[in-house]
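Here's a quick look at the charged side-chain pairs in this one. Have the viewer open while you read.

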Amino acid sequence: MEKQFLQLIHDHQEIIYKISALYRDSKEDREDLFQEIVYQLWKSYPGFRGASKVSTWMYRIALNTALAIYRKPRLKIDHYPELPPKLHSLREESISENEDRLFEALGKLSDAEKAIVALYLDEFSYKEMAAITGFSETNIGVRLNRIKNKLKEIIK
């Protein structure tokens, strides 16, 4: 089971990096969130039956973890100096100026808006986004249009 889980994390690590980058500003906080998300995924892995896509399950856990940490007192997590290079494809130096501007603009969105954008950029359907976020499919469409307009104003 451990080997399968590690392979799953390896195959879908971009989801965890994306959520960590969206919800945390500093490198240390992003690494802490990454580790917390992996821990939460590990805890829930035995209950994952494959009824949804792996990416849907991972997004749900990652978003819930990112949002739940805001509500809790800060947890003490043992911190490794660096993530293993193979698992750290979104290193600071690989982020271009345009990506940096985009992440800065995304940082001005609400938590719910960030979640919807992350799912939209990964080409989830409205139905899948609704299942993950708890909003209706219609509400997802309305929110996406508002978010696009908001981002246009921010990036101007």
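## Glu-113 and its partner

Glu-113 is buried, with a relative accessible area of 16%. In this predicted model, Glu-113 pairs up with Lys-150 in a salt bridge, and the closest N and O atoms sit 3.0 Å apart. Glu-113 belongs to helix H6 and Lys-150 to helix H8 (residues 137–155), so the bridge ties together parts that are 37 residues apart in sequence. On the other end, Lys-150 is partly exposed, at 33% relative accessible area.

## A pair inside helix H6

Helix H6 also holds a pair of its own: Lys-114 and Asp-111 are three residues apart there, separated by about one helical turn. Their side chains meet in a salt bridge at 4.0 Å, N to O.

## The link to helix H2

Now for Asp-122, which forms a salt bridge with Lys-18; here the closest N and O atoms are 2.5 Å apart. Asp-122 lies in the loop between helix H6 (111–121) and helix H7 (126–133), and Lys-18 lies in helix H2 (residues 13–23), so this contact ties together parts that are 104 residues apart in sequence.

Lys-18 has a relative accessible area of 19%, and it's buried because the cut-off is under 20%. Asp-122 comes out as partly exposed, at 30%.

## The overall tally

How many salt bridges does a search of the whole structure find? It turns up five, including the Asp-122 and Lys-18 pair.

Notes
Residues are numbered from 1 along each chain as its sequence is written. This is a predicted model: local features need pLDDT of at least 70, side-chain atom pairs count only at pLDDT 80 or more; totals for chains, interfaces and linings use all residues. Side-chain values use heavy atoms; hydrogens and water are left out. Helices (H or I, at least four residues) and strands (E, at least two) are DSSP runs, numbered from the N terminus. Buried means under 20% relative accessible area, exposed over 50%, partly exposed in between (1.4 Å probe, protein chains only).
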